[in-house]
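Please read the following briefing alongside the sequence and the 3D structure.

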Amino acid sequence: MAIKTEAIGKEWPATTYEVGKEKIGEYARVVGLENPVHFDRDAAKGAGYRDVVAPPMFCVVYSSPALAPAMFDPEVGMNFAAMVHGGQEFEWGEPACSGDEITTSAKCLEIYEKDGKGFYVFETNSVNQDGGQVVRGTWTNIVRGV
Amino acid sequence: MAELNAGDQIAELRVTPDKYLPHRYAGASGDFNPIHIDPEFAKAVGLPSTILHGLYMMGLVARASTEAADGDPRALKRLSVQFRGMGAPETEIVVTGTVKSVEGGRAVIDTVAAQGENQTIRNAEAEVAL
């Protein structure tokens with residue numbers, strides 16, 4: 001069965017997420033981070049941040065909502081029952097701090113077939129309220145038996 | 001300032017996620033895929049039981065890489081991983097890493113996250129500012 005590739009290059013509407021102090025703390029505790037810059041405003045400011053700063057991987061929290069419509073788009077046509085998250089890359093710029101409004105756009109970079117598996121590669125790009133580049137993500141999903 | 005040289009091993013990170021960790025990670029991240037939180041659903045789709053979120057394990061790799069650069073979250077500039085094995089709750093995860101190169105104030109660290117012989121994350125490459 002040939003894999004559908006017409007969604008390559010497709011872009012989806014951007015989403016905006018306002019970063020909050022307690023949400024940062026919740027995420028930081030789950031991954032076991034203890035650096036007070038993730039919990040305490042004074043500690044964060046003392047370290048040169050505008051406010052409590054998110055751990056780098058908190059980017060999944062504010063960038064995933066932009067990706068969801070791409071993943072479920074029938075034009076992409078991913079078979080979720082046979083899908084695994086194969087790979088992930090993030091490249092960070094400006095830190096994300098409490099109070100920031102981060103806008104993320106999503107795009108389909110590649111769809112291809114290799115060894116009977118479908119590879120679906122998406123890119124998310126997140127910028128803050130000042131237009132500063134916060135993070136770029138490359139998300140690779142692999143679908144068995146395409 | 002962190003002193004890293006090519007060939008150095010970074011400090012090993014050992015974490016044993018408890019039974020309910022995937023629930024807390026789901027809440028923190030917003031990823032409520034039932035394969036991570038519902039054992040019956042997980043078994044119905046052919047898994048041994050619930051599995052850890054890959055992005056949680058990537059979070060541990062990010063933590064180990066950041067700690068190698070003295071723990072400032074700004075230090076982590078890039079992280080690229082491949083998810084190659086399923087992670088299970090209630091089993092120790094060991095994150096290890098070796099500094100591959102140091103150039104222009106940046107170090108590249110090769111990392112692996114494993115549960116025993118099962119490498120859940122491999123070919124991970126972190127770039128940190130020194």
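This is a predicted model: local features need pLDDT of at least 70, side-chain atom pairs count only at pLDDT 80 or more; totals for chains, interfaces and linings use all residues.

Residues are numbered from 1 along each chain as its sequence is written, and chains are lettered from A, with ligands numbered from 1, in the order in which they are written. An open sheet of ten strands, with antiparallel pairing, takes in strands of both chains in the order E1(A)-E3(A)-E4(A)-E5(A)-E2(A)-E2(B)-E5(B)-E4(B)-E3(B)-E1(B). Helices (H or I, at least four residues) and strands (E, at least two) are DSSP runs numbered from the N terminus, and two strands pair if DSSP finds at least two bridges between them.

**The sheet**

- Strand E1 (11-18) of chain A and strand E1 (13-15) of chain B are the edge strands, each pairing on one side only.
- From one strand to the next the twist averages 20°, with axes taken as lines fitted to C-alpha atoms (for helices over the stretch in contact) and angles running from 0 to 180 degrees between N-to-C directions.
- Within chain A, strand E2 (residues 83-92) and strand E5 (residues 133-144) pair in the antiparallel sense over nine bridges, and Val84(A) stands opposite Ile142(A) in E5(A).

**Chain A**

- Chain A has three helices and five strands, which follow the pattern β-α-α-α-β-β-β-β when read along the sequence.
- The C-alpha trace of chain A spans about 60 × 30 × 20 Å along its principal axes.
- Helix H3 (residues 59-71) of chain A lies across E1, E2, strand E3 (101-114), strand E4 (117-127) and E5 of chain A, and runs at about 55° to E3(A).
- Of the 146 residues of chain A, 39% count as buried, where buried stands for 20 or more other C-beta atoms within 10 Å of a residue's own, exposed for 12 or fewer and partly exposed for values in between, with C-beta atoms placed from the backbone.
- Among contacts in chain A between residues at least 6 apart in sequence, 72% join residues at least 24 apart, a contact being two residues whose C-beta atoms, placed from the backbone, lie within 7 Å.

**Where the chains meet**

- The contact takes 25 residues from chain A and 26 residues from chain B.
- On the side of chain A that touches chain B, the elements that give two or more residues are helix H1 (21-30), H3 and E2 of chain A, and the largest share, eight residues, comes from E2(A).
- E2(A) and strand E2 (residues 76-83) of chain B run antiparallel and are joined by five bridges, with Gly87(A) opposite Gln82(B) in E2(B).

**Helix H3 of chain B and the cores**

- The 15 residues of helix H3 (residues 54-68) of chain B should span 21 Å at 1.5 Å a residue, and this agrees with the 21 Å between its end C-alpha atoms; the expected span is 1.5 Å times one less than the number of residues.
- H3(B) is mostly covered, with 14 of its 15 residues buried, and is followed by Asp70(B), whose phi is positive, near 75°.
- The largest nonpolar core has 57 residues, and those with the most contacts inside it are Met57(B), Leu60(B) and Val61(B); H3(B) gives the most to this core, with nine residues.
- A nonpolar core is a set of buried Ala, Val, Leu, Ile, Met, Phe, Trp, Tyr and Cys residues joined through C-beta atoms within 7 Å.
- A second, separate core of 14 residues includes Trp12(A), Ala66(A), Met78(A) and Tyr120(A).

**Hairpins of chain B**

- Strand E3 (residues 93-103) and strand E4 (residues 106-115) of chain B run antiparallel and are joined by nine bridges; in their hairpin, which has two residues between the strands, Gly104(B) takes a positive phi near 55°.
- Nine bridges also join E4(B) to the antiparallel strand E5 (residues 118-129) of chain B, and in this hairpin, with two residues between the strands, Gly116(B) takes a positive phi near 60°.

**Cys97 of chain A**

- Cys97(A) lies in the loop between E2 and E3 of chain A and is buried, because 20 other C-beta atoms lie within 10 Å.
- Cys97(A) and Phe80(A) are 17 residues apart in sequence and 33 Å apart in space, C-alpha to C-alpha.
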